[in-house]
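Subject: Structure handover

Hello,

Here is the structure I promised to pass on. Please open it alongside this note.

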Amino acid sequence: MALPVAEWRARTARLWAALDPALKERMAAASLHDAVRLGCDLLREEEEEAALVRFCHRARTDKEPEAASWYREQGNREFKRGQYQAALRLYSKAASHELPGSPEVSVCFANRSAALLHLGHFEVCLEDIARAESHGYPDRLLPKLLLRKAECLLCLERLQEAQDILRVLESKIALDGVMTTHLTRLKKLSQLKVKLGEKERCPEPAQEARGGIEGEPEVWEENSRISGASSSLSLRFDAERGRHLVASQDILPGQSLVKEEAFVSVLCPGESLPLQDGDTAWDTRATNADLYCHRCLRQLLASVPCQGCSYAKYCSQDCADMAWQQYHRTECSLGALLLTLGVFCHVALRTVLLAGFAEVSRLVEWSHRGDKNLENPEARCKPLSDAGAGSRGIPGCGSNGQYQSSYQALFHLLPHTEQHSPEHNFLCTLSVVAICKQLQAAGLEAAVLNQKSPQQWSKPKPCEKTSDELSPELKTVAEAMLRHVLQLQCNAQAITVMQELGPGDGAVVDKKPVRLATAFFPVLSLLNHSCCPNTSVSFSGTAATVRASQPISSGQEVLHCYGPHWCRMRVAERQQLLSQYFFECRCWACLEELESGVKSVVSIRNSFCCPKCQARMQGEEDTLCCSNETCATSASRDHLSGRLQELQQQIKKALDLVGVGKADQAIKMLLKCQVDAGTFLSPEHLLMGEMEDHLAQVYATLGKWQEAARHLKKSIEIVEMHHGPSSVETGHELFKLAQILFNGFAVSEALSTIQRAEGILSVHFGPQSAQIQELQEMKACLSELPRNILQRT
């Protein structure tokens, strides 16, 4: 959720409507500096602050021992049922709610280590065992934990360490007078000793590393003028396009153009709604906040919880410590407020914390002076390559003429203050002022100003006496935050990941892109939009990589798609979505549709067809007519749209049947949906392709590989029509087809499909991506088959 919760948006809208007209006019024309000062006066009302406190109660981020106990019980239940992945997540939720230093924390880690052992994550299991021991795991239960540790070490071939643990375990059991309590453990111990002896006598041969799996290292020469950019790019500026990147030499598809770490990123909390007032149970659903590290965005197996709140979780203690030092010591007690006011406000706060008050203050003061040289459009139009070593000719560049991925470059991104509606500016102003007031009330001002470093994990306490008036320093922080919130509408970059649909334990894995975090990338922000871009952007943690998706000639602008792609929607829909960026797209796809009057290919392919003759229905009004002149059939657009919605609901019901193990019923329902769709949808409609894809997935769950491949090939045909044969969408479909053919032992066809999928996906994601690695492993496996088998298939 980028913006604040609906209740706060509605409240600020009512407050805006009730303002005196003269004050409204002042607010609408105010600079960022003046807006903050007016916002401070308007948020003095205790009623507004009390309302915000009420909204925050729904976002529970404090430690709750009762919740920890409940989650642990739920985890035990899932563990007994053999649902170890579900148990793992629930034990993590329990650990995040336990109070620091409580003995129950060690039990959570120990329980989680048992789930990790069953899932085969031996190294991580050992880490959790170490955490349990360091948090004071009860001595009476220690033999059970040591036994688990020995089993892990054995599985990891660390035989000497396993022997040492077994000796310690034997001595502990021998010292215990009540031997009957350890009978089961003794039996397990003897079994482990037998295994250990076998491994010592018959060591397994070392596996040879497979050749060709890693891929060729990419040649990369960084630009001396633009950090994180390839030497094949140069920075330009003109009044129409602003700052932008152009190719300084011919560029080939798949070539990396930008490799940049986010200056700041904030995890999007996920789709799970906050619990309503009066709810007695806690939410067991896993969201982004449970699945990914809150600092580096790595996928979590066994999270390390923050010791101050129940919300922040990390992949390691190192990440937790780094986050605490950089920003979380300030954010920790504000968790509920930040979740209530939305990701944009959170990104704005974290941005100033990472930049440091000295740099923030310097640039805010510079913006008040209005440096004429930087404000002069003629000076800014000068190409960077033509600038002198000491030039400041392009906004965001340093005194040496270099554009760094820095706070200075980020600060120079346009906030578009005049283009935002006065109501939106007002909402953002009150929100950042509310955060700064809370910082002051909680005694966090000194931490924000970097004047002292609080003790590790010490949670700040509210001041006994707090003035309603913000300090001058916090007003400076609020002004910078307001600037960043307004910048984000046009410059926020969504960090996305390919997330598995369903449990992910099938032979064929279906994935979809999911928004994981919102970030500022100063260099990536230099790329202008096109509905027909020549680049593709992928992410690994907090790092973005831009690759050429097609040949780019020297002198041609390097372009990125902000979302509305010409293959996915009509020009009217694209222009409407792009209005949020305050420009009108003039790419060739938009110009072709707008100026020639040619009907969008998307409209034609995703059209309704005549119920009688299956010709395309046409017309812009509510009544559509058959395009076949000999057929006089007409139909209501609303009626056909209603049929489409009913069809989509039926498809969803069919997919729900798959989730409960009723694959045969799901196939029957999907086949019936196909017949129904054929009576009123174009054969090229994207939904027709989606149904083929769904059928392929269901047949794959039943091991009917030939049927699955047949349906997926039909899906690929439709995807290629819409997105093109070299598109990332086609690549993902080919990846699934490769999995199906591999599992169906269609060797020669699998190898050719792997080669095609590899060629497409390497352009978009690079040779080191997970999908490319999996394709290469499949290819290596198939290539090792005996020659006579390869010749027969």
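Below is what turned up, starting with the ground rules.

This is a predicted model, where local features need pLDDT of at least 70, side-chain atom pairs count only at pLDDT 80 or more, and totals for chains, interfaces and linings use all residues. Residues are numbered from 1 along each chain as its sequence is written, and side-chain values use heavy atoms, with hydrogens and water left out.

Buried means under 20% relative accessible area, exposed over 50%, partly exposed in between (1.4 Å probe, protein chains only).

Salt bridges. The structure holds 28 of them (a side-chain nitrogen of Lys or Arg within 4 Å of a carboxyl oxygen of Asp or Glu). D128 pairs with R112 at 2.6 Å, N to O. That pair links helix α8 (residues 122-134) to helix α7, across 16 residues. Helices here are DSSP runs of H or I, at least four residues, numbered from the N terminus. Both D128 and R112 are buried. R131 and E127 also form a salt bridge, at 3.8 Å, N to O. R131 counts as buried at 14% relative accessibility, while E127 is partly exposed at 40%. Shared partners join R112, E127, D128 and R131 into one network.

Best wishes

How values were computed
Helix = DSSP H or I, 4+ residues; strand = E, 2+ residues; numbered from the N terminus.
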